[in-house]
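Trainee: Could we walk through this structure together, starting from one residue and then widening out?

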Amino acid sequence: MRDFLQGNHRGKLIDWLKIDSWIDSGLYAAWIGFRDWWSAYSSFFGKFEVKGFVRACNELACETLTLSVAGFLIVLSFALPAFEIAQGKINLSDEYSVTFLDRYGNEIGKRGLLRDDSVPLDEIPDHMIKATLATEDRRFFDHFGIDVMGTFRALAENAKADQVVQGGSSITQQLAKNMFLSPERALARKIKEAFIAIYLENHYTKPELLKLYFDRAYLGGGSYGVEAAAHYYFGKSIREVTLAESAMLAGMFKAPTRYAPHINLAASRARANEVLTNMVEAGYLSEGQVYGARLNPARIVERGDSKTPDYFLDWAFEEVQRIMSGKPDHILVARTTVDLGLQKAGEEALEDTVNKYGRSRNFDNGALVSMETDGAVRAMVGGKDYGESQFNRAAHAYRQPGSSFKSYVYLTALQNGFTPNSVVSDGYVSCGRWSPKNYSGGFRGRMTLRMALAKSINTIAVKLSLQAGREKVLADLDKMGIKHLKKTCSLALGDNGMTPLEHTGGYAVFAAGGLEVRPYAIEEIRTLPGELIYNHDRDEPKRKQIFDRKVIEQLNSMLQAVVTEGTGRRSQLDYTNSAGKTGTSTAYRDAWFLGFTGQYVTGVWLGNDDFTPMARVTGGSYPAETWKVYMDRAHDTDNIPQIPGVELHPVQVAEQARLAAVMAQSATAELPTPPTPESVKDMSTATRQALEKLSGLLKEARPLKASDEPRPGRAAAPPAPGQPSLASATNADGQPSPGQPAEIETTISAGRETGTGVPQ
């Protein structure tokens, strides 16, 4: 220790100067070595230096190579998911073949690979094949799935006409879309379509692909495949169609609704004439060979008004596949919940609105869903025209619900200490750096929750979501089966996308008094021989009370105020009380009305597929009016159950009083003497059994009411089970009420939160 203190330890310490010198010399040597290497490297490649035009070409080639690699990586990001989609569905033996019945047991359509209708390719007439190839894909047997020349030719023709006059998709690409992809128009879908087409070309022969195309193409009238279409339009098998009939069928591949003969016979025959011309131009037939078909065009079988509920059937087929997943049976008969009378009323109500006001108010599509309070879907309209677009907006379009989402926020608030008469201030509120605003740009001061919901005040809805807790709002939605929403500052104003089906299902919980509701399409599924495989009432879990009934009653009374004194006044019915909520998203991109009576829950959405703004269309205008037109036709009597928490309509109260008086008077009337045991003993066994059955039915039947007669202007009562549904009665007037004041509504921009309001 003494030596250490005296400094005798210096020789044992680290020599920092030596290390520093070693590092410096090492770095210098490394730099000299790198400089020499770089000089040699540059000298070597300097021998290959090019100048002038050659250098420019070299630079261009390098940039092209770089961009090609980047493009390849981008394309690969689309290719891999596309191949996964195709691989997941490539085994066609696992597909289902389903015949669908309506709620009364009448056949309404088929979906899936219809094995019993499949006709071998060699039995399909040669002129049917030639007509299809000449019109849809003349180079089908030459290309690799994508007809590059045909695509460029179509682009040139479309550019020349300044509109889409010619399609560039090959038959294989169309098959890829029909088999694996949704029909929505998007660049990502087109890229996937191209890759799946290449994939199909490498896994199937050309004849197999053509056969699949003939089996899968939609040809209008609910017919999928040429065999089903031949039976529907001509009452015969595809094996027996004539040249003129083949030309008419081939002409419908492009636009089945526009050229369907039962919709527009003149356009269909004109299109068939174009197909005959195509066959001549392609060299398949001579002008003389098609002359007879031009002179004697195809004649169709008259079927009257037999429109099929195609959007509903598509969704029902998805439900069948979900229910039957993992089960061995694949050829099935499914009885559904759809009511064709209500379906027709929904289609006409939506179509009339789009046709009357769509052009002037800049919207071209919509959706409607109507269900019973237990979730049984009676009508589903997924768009204005199934032939034009098979994309089901009712089941698959995620659109911002705007202020129609506020009902869920108020439900959470009522469960956490608030009441309809609680007073809250319409004033400044913020979440982070975001602050909502009302359409008026100012604030209305203190008001009750009932009035705030009726007038759709944005700031109060946001305050409630923050005070009650956005996590609790999402938890309540989770109970309803809506699980995909995200926690955001503007959650209360409907910034998350929802489908009309799930949104209507959420409101069905209110109409059911807080009972769990899961929208469903299938009542039962049987095998072709008749064995019962699935029954909804038997196999689905029993419904639970997921919300306190008293809370739901409070909410329903508030939603009634929306209809009677708020933004939903145009939806009022004159024979029963209703409750509902309007909704409008940012820049008028979406307009909603969700409402219910004691019998039906119905949601209506209007907008554009490309999310372009409408011309100041709000939820309280055309959606509310469309809802009213439909509901007027849907309710055929005044005998409508009472909404939990909402008093009966005066019309219903007066009718009940009248019926009570009639029944009291009938109770005092002399009743016929029942048969004695001796007389019954003398009856035949058959007569006695019939009498007993009739007696039992009379005990179960309710007294006949005058209100059971169909109300003028609405649909007749549905037929008894086993009988076809009757067509709905006269249509209600859909004109907007003049002078309807615009109310405050929510605005949330896609992908960001704003504080600008739009009128309801």
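**From one loop to the core**

Mentor: Gladly: Thr612 sits in the loop between strand 12 (600–607) and helix 23 (622–634), where helices (H or I, at least four residues) and strands (E, at least two) are DSSP runs numbered from the N terminus. This is a predicted model, in which local features need pLDDT of at least 70, side-chain atom pairs count only at pLDDT 80 or more, and totals for chains, interfaces and linings use all residues. Residues are numbered from 1 along each chain as its sequence is written, and side-chain values use heavy atoms, leaving out hydrogens and water.

Trainee: Is Thr612 buried, exposed or partly exposed?

Mentor: Buried means under 20% relative accessible area and exposed over 50%, with partly exposed in between (1.4 Å probe, protein chains only). Thr612 has a relative accessible area of 29%, so Thr612 is partly exposed.

Trainee: Which side chain makes a polar contact with the side chain of Thr612?

Mentor: A polar contact is a pair of N or O atoms within 3.5 Å; within protein, one must be able to donate a hydrogen and the other to accept it, and residues adjacent in sequence count only if both atoms are side-chain atoms. At 2.8 Å, the partner of Thr612 is Asp610.

Trainee: Which residues touch the most other members of the largest nonpolar core?

Mentor: Such a core is a set of buried Ala, Val, Leu, Ile, Met, Phe, Trp, Tyr and Cys residues joined through side-chain atoms within 4.5 Å. The largest one has 83 residues, and those touching the most other members are Phe100, Tyr410, Phe510 and Ile522.
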